[in-house]
Amino acid sequence: MTSFPTGSDIIAENRGGLIGKAVDRVDGWSKVTGQARYSAEIDEAGKPLYGVIATAPIGKGVITSIDATAAEASPGVVLVLTHRNAPAQAPFGAPGEGTNPMMTAKPVLDSPEIRAFATPVALVVADSFENARAGAALIAATYQTTGAAFGFEDHLADAALSPSPTAKVEAGDFEAAFAAAPVQLDETYATPAHNHTQMEPHATLAVWEGENLTVYTSIQGLKGARQSIAWTLQIPKERVRVVSRFIGGGFGGKAHVAADSILAAIAAQRLGRPVKVAMTRAQMFHLSTHRSASRQRIRLGAGKDGVITALSHDGVLHSARYYDFTENVSGLTRALYTVDNMATRHDLVRLDSPMACAVRAPGGAVGTMAIEAAMDELAHRLGIDPVELRIRNEPKVGEGGRAFSSRSLVECLREGASRFGWAQRNPVPGAVRDGRYRIGMGVGSAIWHTLLFPARAAIVLHADGTATVRQAMTDIGTGTYTILAQIAATALGVRTADIHVEIGDSDFPAAPGSGGSFGAATSGSAVLDAAMNLRKAAAELAVGDMGGPLFGGDPAEAVFAEGSILIGNQAVRLTDLVSRLSPGGIVAEGRLEVPKDYWGKTRNAHGANFAEVAVDTLTGEVRLRRMLGVFAAGRILNEKMARSQALGGMIWGVGAALTEENHFDPRYGSFVAQDLAGYHMPAHADIVNLEAVFLPEDGDDNPMGIKGVGELGICGAGAAVANAVFNACGVRVRDYPLTVEKVLQGLG
Amino acid sequence: MKPFTYERATSVADAAKASADPSVRLLAGGTNLLDLMKLQIETPARIVDIGRLPLKDITETPDGGLRIGALATSTAIASDPVVRARYPLIARALLSGASVQLRNKATAAGNLMQRTRCAYFYDTTKPCNRRIPGSGCSAIGGHSRADGILGTSAACIAVHPSDLAVALTALDAHVETTNGQGTVRTLPVADLHRLPGASPHLETDLAPGQIITAITVPPAPPGEQIFRKVRDRASFAFALISVAASGPRYALGGVAMKPWRASASEAVLAAGGDVDEAVAAELSQARGHGHGEYKIPLAKRLLGAVIRQSRGDAA
């Protein structure tokens with residue numbers, strides 16, 4: 001077992017019964033009553049000025065002239081920033097303290113160059129949002145366009161090996177094994193670009209006090225944002241504070257500091273007043289990041305028994321010319337089906353596009369849409385049940401021979417098949433009718449990394465028996481506030497209502513933030529360590545308290561329960577202890593370090609998505625009928641939050657399979673869909689009869705034995721839907737999403 | 001959004017008079033106009049709010065038909081007992097569109113007067129003849145699945161998004177209009193919208209100062225009323241193709257910049273032709289545009305199926 005500091009036993013013991021319980025969101029009430037303030041709503045520094053971003057209408061070129069006269073003369077306008085009067089900033093991508101792209105410089109208005117559609121060309125600041133917006137429409141600029149590559153499909157021939165260190169991974173001899181395999185499958189799958197479309201667009205309020213800048217913004221990682229902003233503006237990071245208390249969805253799109261933060265900071269400094277900048281929904285499509293389009297070639301060599309002996313999964317992805325990002329589509333494929341002979345590679349088509357970057361389950365979400373569809377094709381070709389085929393290909397050990405920390409994929413497949421009624425599935429495509437619909441079932445395996453990063457936390461136990469947890473962590477809607485309260489309450493033997501969770505402030509002890517589904521494990525483990533240190537401090541105080549009930553006891557035997565410390569049959573209330581002996585509160589800090597041997601094991605969470613669809617064979621319309629996800633992700637901290645995360649992921653999978661797509665218009669370099677009427681996520685009516693179940697599982701991936709769940713549900717979900725469509729009507733669409741024209745073409 | 005003045009209309013005649021000024025826009029539900037103003041596709045200097053004018057009633061007419069006030073909301077129409085009993089086609093068409101929140105605001109006349117949802121019309125950085133006459137059509141050669149297949153032109157291939165208009169066209173409904181002088185004129189819903197031709201920015205046959213006050217629907221012919229809408233998701237999506245049937249009358253949506261009465265199909269059927277001939281008669285002239293080519297076979301399949309269903313033929 002990987003060894004961690006203390007705390008594991010307290011979580012396992014779960015004396016208060018809070019671990020695993022479906023505890024309601026502790027921040028739920030403040031959100032539904034509007035008391036939770038999101039970045040655009042913050043008014044802590046008094047009435048701000050409002051900045052609206054004006055953007056370039058071209059995809060690549062330079063500004064040849066820009067006239068702000070009309071905007072400056074527009075009612076209420078107090079400042080127009082353009083590249084001609086913006087301050088010097090560090091060049092794009094320049095590393096500050098490191099090359100982590102979330103911490104590098106992200107300058108805005110730094111040059112006349114337009115390197116992607118909707119590059120900001122001006123910020124118009126006025127006394128009201130309306131005046132700023134009217135002024136922004138008056139920016140008059142001329143441009144010289146330059147040669148550009150906008151269309152992914154048009155430039156596939158330009159693909160070149162990604163510079164990513166994992167761009168090319170090989171084991172054994174794939175080519176020889178594939179050539180020798182009795183059964184060969186060689187298919188190519190396509191996925192389009194996806195946008196995050198978080199409910200809350202990027203927004204920032206910037207406030208300067210002397211040389212110190214506070215940036216209230218919607219961001220997933222405070223530490224990275226602080227460094228990125230400081231480095232961009234060329235000021236010491238100690239002078240920057242980033243606050244992000246409530247975030248209306250991140251999904252990777254708020255991993256990087258965006259133009260709103262930099263522009264608000266620059267304008268607020270110039271004007272000596274707080275400045276608020278929010279993006280419009282349309283701007284979010286270009287000024288935020290997006291998921292790369294992909295072409296994925298899968299080659300599977302197998303025996304007649306379905307056992308895979310050779311596996312290749314190659315991806316061609318697009319990436320912005322000025323920012324390398326590789327959607328690692330096959331990293332999890334190698335983990336899902338670890339065979340002796342594997343070859344995976346990633347090539348990039350560099351486009352003059354906005355930045356492609358992480359979107360929920362980068363690599364895995366669309367990678368599983370290819371490999372899990374290919375597995376379905378192999379199963380059909382061999383006449384083997386798709387669940388059985390996956391079980392036959394269950395590896396004994398992970399990549400490089402590393403043992404699994406825990407892996408319950410087969411259990412998920414079996415339990416899911418049983419609950420879903422998989423045995424009723426007719427393997428013959430198109431055999432099941434219901435009125436004008438053909439009905440089909442499909443399955444797709446889910447897998448997601450179990451990651452861990454260093455983090456710190458602090459806890460103060462107050463004289464009233466409550467405690468405050470402080471950490472520079474974020475809650476992007478996943479439930480961080482709630483699970484941190486559960487962890488601290490469990491360790492301290494109090495109610496969740498007694499824990500005040502204060503996160504979203506870079507002045508608090510550092511944590512890496514939200515992303516990669518590592519948040520609960522990383523941030524929660526540091527909070528647990530702080531709570532354990534607090535227990536120790538409180539217990540030592542109690543046994544050293546002459547005249548106190550626990551005087552002379554063994555602090556190692558102290559039990560924390562129901563607001564008291566107990567040793568043997570003696571007890572002291574936390575309120576009594578703290579108010580008498582440390583009325584200012586007891587303070588403890590905690591930290592999580594990743595053990596050196598952590599990556600000596602293969603660490604992933606697993607699951608199985610099952611979908612049933614109806615296909616209207618007249619129109620090609622596909623509608624989900626029901627869906628079940630069965631997941632094993634270590635210990636579950638909160639059944640309700642985990643289920644919500646799983647369902648949310650599954651819904652994204654349905655959208656990716658059936659409706660979600662965006663395309664660069666190759667003539668202009670802009671996304672065609674720029675609003676939520678044109679960018680089709682599933683609506684409520686599309687999502688019916690959805691259920692997610694977690695199987696019990698042990699793990700040693702962190703002190704709490706948990707695994708991340710935020711990105712697990714989406715993996716395999718899209719393929720399950722596409723596989724169900726094939727089972728329903730015999731049409732195999734390898735070009736996602738499965739819109740009516742593609743299904744119709746197959747129906748003939 | 002550009003600054004504008006706001007006033008409430010005090011009478012239908014005043015509203016009509018005011019609307020003769022090209023810098024005026026009438027505001028009813030606002031579900032389309034406000035979006036267009038934020039994007040500066042519409043830049044009125046003056047907004048005249050007609051939302052409180054007494055044009056909301058839904059009443060039966062002496063001939064057994066129905067008169068729907070121009071300002072009746074989609075929700076009110078779709079839940080009206082007479083509509084549900086005698087014109088279920090109208091209720092189905094309305095309920096297949098938008099969301100509850102939008103239907104609570106959107107009005108009958110506003111539904112007919114909404115602008116196209118072509119992505120290139122909405123993207124003000126792109127040429128669009130409908131938005132800026134003579135600037136060109138970005139949808140042609142663009143990446144759009146929503147374009148029309150009938151009545152398009154070299155200047156515009158957009159489609160009209162209204163589901164209600166398709167239902168009303170199959171029902172032979174008319175719009176009743178008035179102008180500032182009180183001249184009442186009616187015209188078929190099928191003739192309200194103009195095909196783009198060389199001037200797609202001219203969208204309807206309403207004269208300046210002429211406003212819709214009501215929609216009149218004659219008694220429905222015997223026979224089943226059917227509305228089928230093919231769309232990308234189960235709700236909150238515009239029609240890729242829709243077909244309405246009211247007895248022997250058919251109309252298509254998602255094919256043109258107007259609700260498309262399938263007169264050629266009706267004529268073939270009336271002359272004793274079969275369904276395939278009827279479908280071919282209507283759609284043989286259809287022309288697709290790149291990503292929208294699929295609409296031709298889809299429209300054929302759907303129209304054929306609806307005709308068969310309405311005639312009681314086995315599917």
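1. Domain bounds here come from an automatic or database domain assignment. For chain A that assignment gives domain 1 (8-36 + 453-593), domain 2 (39-147 + 196-287) and domain 3 (364-451 + 599-747). The model is predicted: local features need pLDDT of at least 70, side-chain atom pairs count only at pLDDT 80 or more, and totals for chains, interfaces and linings use all residues. Residues are numbered from 1 along each chain as its sequence is written, with chains lettered from A and ligands numbered from 1 in the order in which they are written.

2. Chain A as a whole. Chain A has 18 helices and 32 strands; helices (H or I, at least four residues) and strands (E, at least two) are DSSP runs, numbered from the N terminus. Its radius of gyration is 27 Å, close to the 27 Å that the globule rule gives for 748 residues, so chain A is as compact as a globular protein of that length. That radius is taken over C-alpha atoms, and the rule is 2.2 Å times the number of residues to the power 0.38. Along the principal axes, the C-alpha atoms of chain A fill a box of roughly 85 × 75 × 50 Å.

3. Burial and contacts in chain A. Of the 748 residues, 62% count as buried. A residue is buried if 20 or more other C-beta atoms lie within 10 Å of its own, exposed if 12 or fewer, and partly exposed in between, with C-beta atoms placed from the backbone. Among contacts with a separation of 6 or more, 81% are between residues 24 or more positions apart; a contact means that the C-beta atoms, placed from the backbone, lie within 7 Å.

4. Domains 2 and 3 of chain A. Their centres, taken over C-alpha atoms, are separated by 38 Å. Nine residues from domain 2 and nine residues from domain 3 make up the contact. On the domain 2 side, four are nonpolar, three polar and two charged. Ala, Val, Leu, Ile, Met, Phe, Trp, Tyr, Cys and Pro count as nonpolar, Asp, Glu, Lys and Arg as charged, and the others, Gly among them, as polar.

5. Strand β21 of chain A. Six of the seven residues of β21(A) (residues 455-461) are buried. Seven bridges join β21(A) to β27(A) (residues 586-592), and the two run antiparallel; two strands pair if DSSP finds at least two bridges between them. In this pairing Arg456(A) stands opposite Arg591(A). Four bridges join β21(A) to β22(A) (residues 467-470), also antiparallel, with Ile459(A) opposite Val469(A). β21(A) and β22(A) form a hairpin with five residues between them, and Gly465(A) in the turn has a positive phi of about 90°.

6. A sheet in chain B. Three strands form an open sheet in the order β1-β3-β2, with parallel pairing. β1 (5-8) and β2 (24-27) stand at the edges, each with a single partner strand, so one side of each has no neighbour in the sheet. The twist averages 25° from one strand to the next. Four bridges join β1(B) to β3(B) (residues 46-49), where Glu7(B) has Val48(B) as its bridge partner. Helix α1(B) (residues 12-19) packs on the sheet, touching β2 and β3, and its direction makes about 145° with that of β2(B). Axes are lines fitted to C-alpha atoms, for helices over the stretch in contact, and angles run from 0 to 180 degrees between N-to-C directions.

7. Chain B against chain A. 28 residues of chain B are in contact with 30 residues of chain A. The largest share of the chain B side, five residues, comes from α12(B).

Notes: Contact = placed C-beta atoms within 7 Å.
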